[in-house]
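Here's a quick briefing to read alongside the structure. Have the viewer open and follow along by topic.

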Amino acid sequence: MAKYEVPKEIRPLEKRIQDFSYTHGYDVMNVFSDFLTFVIHGFSPGAPPLKNWKYKRQQNTAFMGMTAEWIQLMQSRLRDDESWHDPFGDLYMAFSSKRGQQAQGQFFTPVHICDLMVRCTETAEKPQGKQMNDPTCGSGRLLLAFHVRNLGNYLIGEDINHTCCLMTVCNMLVHGCVGEVIHHDSLLPDKFINGWYVNPFLTQTGIPSVQKMSEIEYRKTRNLPVGRILERKKELKENRLQQLPGNRPGQTAITTYNR
């Protein structure tokens with residue numbers, strides 16, 4: 001697979017991620033995934049500290065720089081209500097086409113094709129209050145293309161790839177989409193790995209946020225059996241969270257990175 005070149009406007013963010021990875025000896029795809037996790041955690045009020053976060057205080061500053069670079073990029077690209085931009089999909093394809101990553105072999109639908117697909121399905125009456133689902137969402141491009149032309153709907157992204165789910169969460173977050181992202185094999189809906197509610201309170205507060213989805217919530221919303229074991233797991237988890245120091249509602253989660 002040939003090396004994928006990102007568009008010019010995304011290269012400053014690409015350089016930040018690459019420079020950090022090479023300087024500290026980390027795999028660039030792992031750093032990219034951790035950057036997405038960093039963004040999501042920063043928009044998750046009241047969330048407990050991340051498990052297995054390997055970076056120190058000085059290194060966290062670099063992740064803050066990546067976040068600022070991403071926000072500036074999005075501000076420059078989202079010029080009107082029908083604009084959408086997905087830098088993460090381009091970064092993923094670029095990083096996965098380097099060195100030994102070719103086995104991943106993922107290419108996302110080009111932007112203009114996403115727009116064309118949405119336009120081809122349009123009718124005289126715009127959908128509102130409906131659910132839009134993409135069972136193989138990748139970086140969430142099709143959902144974004146649909147969202148900017150059909151506001152007021154609930155978007156659901158599903159993917160078996162964890163990094164793809166993280167990209168979709170971040171993309172939905174910054175574009176003001178309301179919905180959820182599920183990490184699982186959409187052909188096996190009874191199986192659940194992870195899930196996120198994106199902007200669950202946006203219409204009430206105007207504040208973007210992310211909230212983790214539990215397996216019990218996933219099963220109940222899809223009329224799947226829950227079982228006493230899952231109920232007990234939820235009770236134990238809630239008890240542990242209540243015992244964590246400083247776990248107050250509304251606390252900015254990003255402060256938990258400081259060690």
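**Cores, sheet and a few residues**

Leaving aside neighbours within four places in sequence, Leu-91 is in contact with Val-6, Ile-10, Leu-13, Glu-14, Ile-17 and Phe-32. Keep in mind that this is a predicted model.

**Nonpolar cores**

- The largest nonpolar core has 52 residues, and those touching the most other members are Ile-17, Phe-32, Phe-35, Phe-63, Phe-88 and Leu-91.
- Two or more residues of this core come from each of helices H1 (11–24), H2 (28–42), H3 (57–77), H4 (87–96), H5 (111–120), H6 and H7 (162–174), and from strand S4 (194–198).
- H2 gives the largest share, with 9 residues.
- There's also a second, separate core of 5 residues, with Ile-182, Phe-192, Tyr-197 and Met-213 among them.

**The sheet**

- Five strands make an open sheet in the order S1-S2-S3-S4-S5, and the pairing is mixed.
- S1 and S5 are the edge strands with a single partner each, so one side of each has no neighbour in the sheet.
- On average, neighbouring strands are turned by 15 degrees against each other, direction ignored.
- S2 (residues 154–159) pairs with S3 (residues 178–183) in the parallel sense over 6 bridges, and Tyr-154 has Val-178 as its bridge partner in S3.
- H7 lies across S2, S3, S4 and S5, and runs at about 170 degrees to S3.

**Strand S1 and the crossover**

- S1 pairs with S2 in the parallel sense over 4 bridges, and Asn-133 has Ile-156 as its bridge partner in S2.
- From S1 the chain passes through helix H6 (residues 141–149) to S2, a right-handed β-α-β crossover.

**Ser-209**

- You'll find Ser-209 in the loop between helix H8 (202–205) and strand S5 (210–212).
- Ser-209 counts as buried because its relative accessibility is 7%.
- Leaving out residues up to four places away in sequence, Ser-209 touches Phe-43, Pro-45, Leu-173, Tyr-197, Val-198, Asn-199, Pro-200 and Phe-201.

**Cysteines**

- Searching the whole structure turns up 0 disulfides.
- Cys-114 has 2% relative accessibility, so it counts as buried.
- Cys-120, at 61% relative accessibility, counts as exposed.

Terms used:
Residues numbered from 1 in each chain as written. Predicted model: local features only at pLDDT ≥ 70, side-chain atom pairs only at ≥ 80, totals over all residues. Heavy atoms only, no water. Pairing = 2+ DSSP bridges. Right-handed = clockwise from strand over helix to strand, strands pointing away. Buried < 20%, exposed > 50% of the residue type's maximum accessible area, 1.4 Å probe, protein only. Contact = heavy atoms within 4.5 Å. Disulfide = S-S within 2.5 Å. Core = buried A, V, L, I, M, F, W, Y, C linked by side-chain atoms within 4.5 Å. Axes fitted to C-alpha atoms, helices over the stretch in contact; angles between N-to-C directions.
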